[in-house]
Amino acid sequence: TQRGAVSQRSRDDVAGLQEDHAPVRILERVVGGLRVEDAGSDDRARLGRDFGAEHRGYRSDMTRTFVIGQPSPEKAELLEAVEVAQAAGVAAAGPGVPAAEVDAACRAVLADAGLGDWFTHGTGHGVGIDIHEAPSVSATSTATLAPGHVITVEPGVYLPEVGGVRWEDTLVITADGAEPLTRSAKAPIIT
């Protein structure tokens, strides 16, 4: 597809509910690297959505995780742990900060919650004309953040029997910190 164009498959990627609103089996679909989870024998399903926009040739990136129905206590804890990890990464971002420190801030929260082994990707990436560009925000990054850098902070945890959660926002590094460019609420429950 053309850069910025939305494929028919993306437009048609909708999880439908049966007429009686009974739990439905959601087809596995990769959405920005995050699986749409199968409700299976559970009465809930998880849906990860990766959103983006293009304005004057520049891009944004945002991921939200939704739960259809009330989450179990274990799933609610997972949603919260990843949100706290993301907040720590956002708070760590600023001018002169090594990108690896943003990654470390997210990883420390998840390690403290016993979830560190399940965070298996980098914390984020630069965003600009391309959706994935420098600087990388990962444990191995050698980049130092500077005013004008636009990055994502997107920790995620993926538990085989529970499901995956990712929160992603796009930030611009300013002279005195980082300003979120994506401001959608993290309200994951769909009833």
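The legends below describe close-up views of a predicted model.

**View 1. Helix α3 and the elements that cover it.** Helix α3 comprises 14 residues, 99-112. From its first C-alpha to its last the helix reaches 21 Å, close to the 20 Å expected at 1.5 Å a residue. Ala99, Ala100, Val102, Asp103, Ala105, Cys106 and Leu110 are the buried residues of α3. The cover over these buried residues includes helix α2 (73-92) together with β8 (133-137), β9 (150-153) and β10 (156-159). Glycine 114 follows α3 and has a positive phi, near 75 degrees.

**View 2. Strand β9 and its pairing with β12.** Strand β9 runs antiparallel to β12 (residues 169-174), and 4 bridges join the two strands.

**View 3. The largest nonpolar core.** This core contains 25 residues, and Leu78, Leu110 and Ile151 have the most contacts inside it. At least two residues of the core come from each of α2, α3, β9, β10 and β12. The greatest contribution is that of α2, with 5 residues.

**View 4. The surroundings of leucine 78.** Leucine 78 is one of the residues with the most contacts inside the largest nonpolar core. Neighbours within four places in sequence aside, leucine 78 is in contact with Leu115, Val157, Leu159, Val162, Gly163 and Val165.

Note on methods. Residues numbered from 1 in each chain as written. Predicted model: local features only at pLDDT ≥ 70, side-chain atom pairs only at ≥ 80, totals over all residues. Heavy atoms only, no water. Expected span 1.5 Å × (residues − 1). Buried < 20%, exposed > 50% of the residue type's maximum accessible area, 1.4 Å probe, protein only. Contact = heavy atoms within 4.5 Å. Pairing = 2+ DSSP bridges. Core = buried A, V, L, I, M, F, W, Y, C linked by side-chain atoms within 4.5 Å.
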